[in-house]
Structures are given as structure tokens and as C-alpha cells.
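Subject: Structure for you to look at

Hello,

Here is the structure I said I would pass on. Please open it first, then read the notes below it.

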Amino acid sequence: MDKENNNERDELLTPGTAEPVEAVNEEAKPQETAETDQPQETENLSDRVKVLSPAQLVARRFFRSKLSMIGLVTLLVLYLVCFIGPLFSDMDYKTIDYNGGSSSQSTEITYTVDGETYTMYDITYTESINLKAYPSADHWLGTDENGRDVLMRVLYGGQISLTIGIVVVVLETLLGVIMGGIAGYFGKWVDQIIMRIVDIFYCIPQMPILLICSAILAANEVNGIARIYWLCLVLVFFGWAGTARLVRGQILSLREQEFMLAERSMGVPVWRKIFLHLIPNVLPLLIVQMTLGLGSVILTESTLSYLGLGVPIPYATWGNIIQALRDFTTLQYHFHIWGPPGICIMLAVLSFNFVGDGLRDAFDPKMKK
Amino acid sequence: MFKYIVKRILISIIIIFGVTFITYALFRMMPDNYVYSKFAAQSATNPNWQEQAARVEHLYGLDLNVFVGYFKWLGNAIKGDFGNSFIDGAVVTDKIKQSLPVSFIMSLIVSILQIAIAIPLGIKAAVNQYGPTDYITTVFTMLGISLPSFFFSGIIIKVFAVDLKWFDASLGLQSGNFQGNGWQLFWNQAWHLVLPIFVETVLSLGGLMRYTRTNMLEVLSADYIRTAKAKGVKKRNIVYKHAFKNTAIPLITMFSGILASLFCGSMIIEQIFGIQGIGFQSYTATTQGDIPFVMAYNTFIAVLTVLGIFLSDILYAIVDPRVKLGN
Amino acid sequence: MEEKTENTQESTSPVPPKKQNAFVTNAKKLFQAGIPRASLQDYDKTPPTEEELKENILIVNHLKKYFPVETNLIGQPIRYLKAVDDVSLRIPYGKTLGIVGESGCGKTTLGRTLLGLYGKTAGEVYFDGADITDFGERQMNTIRKDMQVIFQDPYSSLSPRFTVGGIISEGVAVHKIVPRDEIKDYVMALMERCGLQPQYYERYPYEFSGGQRQRICIARALAVKPKFVVCDEPVSALDVSIQAQILNLLRELQTEMQLAYMFISHDLSVVQHVSDSVGVMYLGSMVECGPTDRIFENPMHPYTKSLLSAVPVPDPRRKKDRIILQGSIPSPANPPSGCRFHTRCPACMDICKEQAPVYREYEAGHSCACHLYPQE
């Protein structure tokens, strides 16, 4: 802890290493005042120095990192396209294209008459669902095995996947902060009990337990949109432990900081200590944790959906569109069906990771360069 | 030290209790007639399904309340009786024993590759921080972390098995019509394991590499490294003698995860590549509601996870002279 | 912490050992293993007289603060670090008591414990005429504004996310020292008084040097108009030229605001400069306490003598007989038996190893705990 503080201190006190903040030391520099005192008598030197609050410093550092900017832009584009894109189309995720032309089916019949072999081809034309169509002007990414437009499904799927990510992470963080906060603030046996619960949730094998939950939802015939809500709750229920542990650790170390002791000696009421001093200090870590968490929740949800245990069809999510690749011919010949959602998942998770990393470095001056 | 170990064992037991109880309680949330309907569905292949269904109900204390039922299950489990599978009526522990070796071999190779690749790469990236090596490895590991395993497997199968035809596209552990034994069988199976091992390794590299990099960076910025530089110690020696030794300590915590992963297999990759390992088994068991198998599997993993954490803590204390247990 | 105090106090019934069968006594011993021996009230509780209360802003009797260092399986402490062990002191209104001692002797813990920042293990505290021994957190909050603290480290004691103005005005707002709309002017005036330009109001602590940060800390402490301030090594993190400025500032403010200080330092010359009386601590207990001139001219305790002999004198011709202490300071978790100083004492006698000396007053206001002097 001590070492960290020292580093921070070094960093903050070296003027002009990277920040354009002029650290005002002891006395004002006379030349500068001389130069600048003509406009108004009342203007002080200090009014001219740009003062950056810690939040502004973080923002500066964040926007300087290229990878996190790439991530941020990608995310913005993904969200915009997913939520606005479908408005320009008359199709949606469950529209089935029935007039996809005719498909032909040929049967080969071979029979031998008088030693000669004849082969007859029985060809039937059927006006049918336009399924597994390759990309065209009508369907930019083709259609899936049920004749639904892949692009539309990817966009609507994005809406659900990205929304589930946010909902789950927000709820999970709330629960984690409450539990971790209680454990860290009250300590003693409360802490013991909560931390043992956290340990238990930490050691639960995540994928199997989520699969079991999905199976339970299926067995209880929870279907449609309700299934999505339940899925969110399940993800929250098994996901808060990490945040709780983080918050508790942070609060425990903050409690030992001298400025918290100073608050105490000042007789500052408890709510003020929690809301003005503890939470703002835990917030940076939480934001990082949430950003990184968004990526992993999207990954988990898509894995479940891929296994057919997440968001039920006909609702689209990126995960259950990729389910198509379990059919070997689709895997072989129809990359246009399962490729795009996969790339979307990858882009989203990657971007959240980049942004999260950038935020972490921005909050932690030690890592900066 | 002794007191600490005793305390940790007690906590570990509590954790295992908790995990198994939660799993059990979840399973009790299934609808009432679930077990019977599951067995009834298998009546064609399983002539004595009624008897088995009754046995399962008894084993799980379905007629009792959750707590009593749980302790009844626990009593049987401690005796090693995890019941019979719903799917084929086989003893669950035997099923686990049969499917374990493949998964274990795969995971072992993955773990070795992971350590052999990720740690040197992590060190390299840290030493050349913000250099091209650092950026490239960072982006690639990030890709590894962000790729959904099923999507990546799909791509790999399409590219290497379907398009390039380097591997058998029919998947599975051995070629469908393969006849042979001894070395031939070995090579055939080994060839089939290359792709899944590749996928799993790529996906698992990222975490360890980043962890190594962060720790290495922290160590490299420490004062004693600066002192070593000032003394004129060679860069090679600084990195491998001074810095790496201190990076190795936090790395030990990573090994807590490896123990469990060695034995639990990978559900998705095994399922995609059609390898009948324990991950595949547990996947089919879960989707088909084979509760006895799932309970046993989850207990097994939980025990391994707890054991892994416990061992790494002890190891940590042995390796790092500064760590004092019990405080 | 608070709870622990209560627990120990509940079990502090000074039971004279009656005849009991061996089993019961052993069981009791086992049970009481978790309770520090000294928390049993081994002194007579004598409340201070009216005059004493009127004269002294702070009276501390037999204050103890033990930290558990080892716990058994169910979490009961079985070994303690006696950071403060049986310390008594008093500080008159408007005066300064200096506390000196090596690092790790419990000076800081003493200061924080008597302010109620750490829950005490035993002992009584009287502040400003009131018995605050059993005050809970809420009651303490009502008197917090009268007793302030300046911390040793001006870096970690300022919240990095607040502006200077925010830091200083928080206490003012909480305790309603001045009306809401006057806060800013009040704080700015105070900042000026403490040698800070009022324009720094909107700045963040990271922009300032150590000396300025310490001024911020002083301004924060004084903003609530306290009567008593614990200065916990306020200058040891600063370089010498700034030290003098800060010390002089503290003195000026003392005369201006009628403050009483408890000045904790390991620097004897600093303490001599600011204090009216001085207490010397060794391993958690007070070994000597008296008026500054008496302590510096006529120290009684061998430890004080050795400390004083180590003070550099800026005169190359004057030879001093340095008393160099052997060995290092023992661990407070495992203090020596008898007199705690006996392992390093140049005048150690046999009795010192077995029996702890009594801390008693020898001259007016000059107390000492040493076997070299008559014990009764």
C-alpha cells in the first residue's frame, strides 16, 4: 500500500511529465505574473493556471490511449447499428422469406433393363422458403436455415445480447457493492459470514451450474421473454461474488488510510463518509470491473445460447444464431450465417476489454506512460 | 502454520458443503414428476426403469424436505454412492472414471503448452513495454480472451478440416471406420486431438500472459531492479535472475485454477469436436437432466477447486518468505 | 474495537482467588487465556477532583491499548501487542505536552486512542471537564470538534478527490461553525492565516508540496475551532527549513486561539522548542514525565538520560558523555519482564528484571518509573 502511495505521489508531484498541469509550488513565479497582469487587476496567477480535477486527469489519460479509443468507437458503432439499423428495414428477426424462388430436388433412380443401365432423374421443383440463401441484394448476409434474414437477426440479436450484458452487470455490481460494502464496513462476524458465502459462489463451477439452471427453466416450462429475464437473474445470482470481494478489499484498505481517520476525527457522520469518501474511492475500480464484466457476461450468455440453453428461439441473440454451425453442412458451406454473429461477439468483447484496460490504466497513474 | 492449515481445511469443508447444497437445492427446483418422466422416457431401452426411478427418489430423498434430503444425499455421497445415471443406468462414478482420461490428457497438454508459451511471452512483452512485441502480444491475447470458444472452434474446423483437409472433418476421437491398434490407433487418436488442443491453448493463453506481464512490469519498476541496473548487472540477468524469481511467486496463484481445469474437461470444445471426455459427458448429462451425474460432477469439480486454492495458498507461503500465515 | 472494550470490561470483575478445586481453576484459566491480564482492573479508580478538571483540558488515567496479534481457532485473541500500557497524563488548558520516544514505542497509538480513534482496552479519559471514557461513536462525534489531530503524513491524510477548500470546509459545515454562506470567506481567511494563498481553495492536494499540504492539514484541524490538538509528528515528514515555519505557525496559533497541544515527536530538540512539559515513552509505557526544563536539565530515568545524551550539540569542543544503548528495542508483543527497559539499561539491577517499577511523582509534576529511586 505504502509503496503504491509513494509512486502515486511521485507521479503527481513531478510537474509536466505528461500532464500539462502546472504544479504550483510554494510561491508564484514573478515573470508570469508580470506578463499577464495587464487585462484585469483582479485576475490572479492562479486563475490562469488550468486546474484539472482528478476525474479530468483520468479522462485525459483515457482518451490518449489508442486501443481504448478504438474500443470505444467500435462499441458506439455496434450499439448504434444494432438499435437504429433495423428501423430501416421492413423485416425483423422472425420474418421468414417465403418467396425465395424455387428450390429443386433431384432424385436419382437407376434400373437395369436387359443388361443396360438407365438412370432416371426425378426432379421436383418446389416453391419454398428461401433458406440458407447466400448474400444478395435482398439479404445482405443471406438467410438462415429457416429462411430468416441473417443481418436482421444479427442486429436484433445484438440488441438482446448487448442489453442483457448491461442489465446483468449493473444488477451484479449493485448486489456486489451492497454485500461487499456491508462486509467491509461492519467487519467481524458479518464479514466472516458474507465472505464465506462469497467463497462458496467463487468455487461453484460456473458453466455446469448455469446449464443446470437453464435446464430447470426448461423443465419448468419458462418460455419466451420470461426466459430471458430469468436468465439475467441467474447470471446475476452467480456473478456478484467477484465484485463483492473487490469492494470489501477496497473498503478495508481505505478504512486504514489516514484521510479516513481524519474524517473520523472530524466527527463526520457515517452517511457522509460512505457517500462522499468511500464510494468515490471505490468507483474507479468498479467502473473497470463493470466494463470488463460486460465482455464476460456477453460471452457467457452467448455460450449458453449457443448450447441452446440461453435465450430461446425465435428470439435472436448472437449466441443462438451461431448455433447453426452445429449442422455440419452449415459449418462447411454457410459461413455467412454463423460468421457475422461470431465476429460481433468478438468485437464487442474485445472492445469492452480494451476500454476496461484503458480505464484501468487511466485510473492508475502508476501504469501510465 | 498448523493452525492455519486446520482453519483452511475447515473453511474448505464449508465451501464444499455450500456448493453441493446449492446444486442440490437447484435440482430440487425441478418440477415434481421430473424424475419419473425422465425415466419413463427411457422405458424402451431401460426395462427396469421404475425400479431405478424409485432408487433415485430414495437416494435424493425427494419425499423429504430440502435439508433432510440434502443430508441424506451427502451421507450416500461420502460413502461414494452417487447413484446411477438416468441415461443408461450405469454407475455414475464408473462413468466419470471412463471419460476422465481423454479430458485429462488434453488438459495436461494444454496446461503445459500454456505455461511454456504464455510465461515467456508475458516476460518478453513486459521487458519491451510499449514496444511492437508488447502491442502484438497484447492484441493477440485480447483476441484469445474475447473469442467465443464455439465460434473459434467452428472457424478452425472449417479452415483446417473442411477447406484444407489436413484433419478428419468427421471429428470424433478416431476416424469413423478406423481399424487398427497399437501405434496406429495412438497416432490416429493423437491426430484427432490436435485441433481441440490448439483451440483450447489459444483461448487460455491470454489470461496467463497478461498476468505474467502485469506482475513482471510491477517487479521491473521496483527499486531493487533499479539498483541492479545501477550496479551494471546484465539485462539478461536482471530479467531472469532478479525479476523473474519475484514474478514466479504471484504466478503460483494461477496454478490453483489449473488443478480443477485438469480434471473437469471442456464442455463446449469436447462437444464441438465430438470427443467423449468428461466435459462432453457432463454436457449431455445436463441437457438430458441426468441429475445423478451432474451432482457428482459438480461435487468433483468443487472439491478440486477448493483443493487447488488451498494448495496454492500453502505453496505461496512456502515460496514467499514474506508471507506469514494466519494473520 | 468498541465491542471488544465492552467485553473485556464485562469480564473485569476483580475476583479474589477463592478456594476452588483445581479443575475449575484450570478451566477458568483456559477460559481467561483470551483476556489480557492487565485489563483486570489492577489500580484504584480515583476520579480527578473538581480543581483538576478545571485546570486540565485532558486527564488520562491508566490508559491501555492492546492489539490482538494472535488468535485461536475460534477467533479469540490469545496474544496481544501492548501498544499503550498503563499511561496516565494530564494537559492543562492552553499548554503543550510533548511526547517523545523511539519509533514503535506507542506514541501515535496513545494519541489516537485518547482521541477515541482506536477503541481503548482500559483506562479513563476526562476531556474538558467531562468523563468521556464510555462515550460511543455518536457521543464522540458531538465533541470531536473540540479535539483535533494533525497527522504525520501530509500525503495520505488528505483525500485525493477533494479540493483544498472542500477538505478544510467539511468539518466547518458538519459542525456548523459559521453560517453556510460565510463558510468560504471563513475558510479563505483561515487559509491565509495558515500561510496558504486563498486562491488555492479550488485546487487539489496533488498540486502541493509537503509543507503546503501540512498547512492544509493544520487549517483543516483548526477550522472547527478546537480546544485541543494532537500533533502527531507534524513536522517529521518535512525538511528542516519548513519544519521551523510550521512549528512557529503552530505556536502563534496556540497563543491566538488558546490551544492545548499534545505534541508527539521523536525529535527532542523540536519537543524542547514547543513543549511546556515532556513525557518520555518506552515500549508503550510512560517512563518519565515532567516540566520541559526539568526533564532536559535533570532527567531521572536512565532512558531519558540516554536519549538526551544523543542530542547533537552544535559545539565541537564540548564533549558529551554519550550513553549508547545496547541492543535494539524489544518487540512490544513480547516485552521483557519486570522493568521493560532492563534489557538495555546501563544501571540495571537484579530487582529490575523481576519487578516492574512504580510510576510515581517525585517532585511537583515530575514523575518517573525506575527502581533507582525510592518506590514508596
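In chain C, strands β6 and β7 (residues 228-232) run parallel and are joined by four bridges. Within that pairing, Val149(C) has Val230(C) of β7(C) as its bridge partner. Keep in mind that this is a predicted model.

Both strands belong to an open sheet of eight strands in chain C, with the order β6-β7-β8-β3-β9-β10-β12-β11 and mixed pairing. Which strands stand at the edges? They are β6 (147-150) and β11 (359-363) of chain C; each has a single partner strand, so one side of each has no neighbour in the sheet. From one strand to the next, the twist averages 20°. Helix α4 (residues 107-114) of chain C packs on this sheet and touches β3 (96-100), β6, β7, β8 (260-264) and β9 (277-282) of chain C. The direction of α4 makes about 150° with that of β8(C).

Another helix of chain C is α8 (residues 210-223). Just after α8(C) comes Lys225(C), with a positive phi of about 55°.

Now the chains A and B. Here 35 residues of chain A are in contact with 39 residues of chain B. The elements giving two or more residues to the chain A side are α7 (188-203), α8 (206-219), α12 (270-306), α14 (328-333) and α15 (335-363) of chain A. By class, that side has 25 nonpolar, seven polar and three charged residues.

Regards

Definitions and conventions: Residues numbered from 1 in each chain as written. Chains lettered and ligands numbered in written order. Predicted model: local features only at pLDDT ≥ 70, side-chain atom pairs only at ≥ 80, totals over all residues. Contact = placed C-beta atoms within 7 Å. Nonpolar A, V, L, I, M, F, W, Y, C, P; charged D, E, K, R; others polar. Pairing = 2+ DSSP bridges. Axes fitted to C-alpha atoms, helices over the stretch in contact; angles between N-to-C directions. Expected span 1.5 Å × (residues − 1).
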